[in-house]
Each structure stands twice: as structure tokens, then as C-alpha cells.
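User: Hi! I'm new to this and would like to talk through the aromatic rings here. Can you take me through them step by step?

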Amino acid sequence: MTNNLKVLQTIYIEVLGDLRELDKLLLEFNRIYRDFIPCRDWLECRLALAEGFTNAVRHAHKNIPPEITIEIEVLLRRNYLEIRIWDYGSAFNLQEFIVKTARKHNSWLSSGRGIPLLNKIADRLDYQRTKQNRNCLLIIKRFSDHRSKNTTTEQKNICMDI
């Protein structure tokens, strides 16, 4: 196994299906940050996580009690980050939604902008129904090669304080 494929760190986060849990989720997510992750990529990963979680709460868990948790697994590798978000909602065809939304790209959308945003951020975006009757949103974000060799404390604070 090469260094690029080796998992450097894994975190599991379980939160209530409630939007008020977003701050807690992002604080937990910050534990996986490392200096070698380009700041822009880190901020995009945080945005993708926030959007994926928000979609799970607002759509997948819309008619599910908030006590039913949403689970998140994050795997950090040297060149990329994997985020998995499991929900208990109904099955959803992500690729079909992406195609339909792309057709409306010139129209102002009152909702439905989150998935196209996720699709733009992620190098791989997938949503599958599991055998346990859950859904898993997979977001893979590769780190860019435009990283500073010496991340300053100020840059690190910017990445972490947002």
C-alpha cells in the first residue's frame, strides 16, 4: 500500500438529526485537520460536510424524529479526504437530480443548489442505499498541488476559525 492510500486518521461523528448540531459537527471535524492540507481544500471540505449534513436533516430526515442520528465517517489520506454521511431517509437518485438541476442552470433556483455545489467541490460524489436501509453520501475531495510548504499560524487560524 502506498503512502497516498494509507489512512492517516479516521473520525466517527454521530449527531442528532437537527440543524443545531452543525456547529458540534464542524468542531469535531476540525480534529482531523493537518498542516499539509491546502486551506482552500480544507474550507471546501468543511462546506461539503456542512451541505451534506444540512441536506440529510432537511430532506432525508424531514419526517424522522431528530433523536434518530446521522452518522459521519471521515478518512484522511495524504492526498485526499473521504467523507461519508449516513441517513435513514428514503432512497434518492443523486445522479438523476444532478442531471435535472444542470438543465436548470440558467434559472434562479429557490432550492436545490446544494447538490450542484457538492458536485463542484467533490472529485467523487455518490449516494447509495445500503443493505441496512440507510443512505450513504460519499464525498471524496483530492487535495490540490498548490499548497504552501510552510503554512503560517495565521493561515492555519483562518482555515480553522471559519
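Analyst: F29, Y33 and W42 are linked into a cluster by ring pairs. Keep in mind that this is a predicted model, where local features need pLDDT of at least 70, side-chain atom pairs count only at pLDDT 80 or more, and totals for chains, interfaces and linings use all residues. Residues are numbered from 1 along each chain as its sequence is written, and side-chain values use heavy atoms, with hydrogens and water left out.

User: Why is the pair of F29 and W42 called stacked?

Analyst: Rings of Phe, Tyr and Trp (its six-membered ring) pair if their centres lie within 6.5 Å; planes under 30 degrees apart count as stacked, over 60 as edge-to-face and the rest as tilted. F29 and W42 are 4.6 Å apart, centre to centre, with 5 degrees between the planes, so they count as stacked.

User: And what makes Y33 and W42 edge-to-face?

Analyst: Their centres are 5.0 Å apart and their planes make 65 degrees, so that pair is edge-to-face.

User: How do you know that W42 is buried?

Analyst: Buried means under 20% relative accessible area, exposed over 50%, partly exposed in between (1.4 Å probe, protein chains only). W42 has 0%, so W42 is buried. Y33, at 8%, is buried too.
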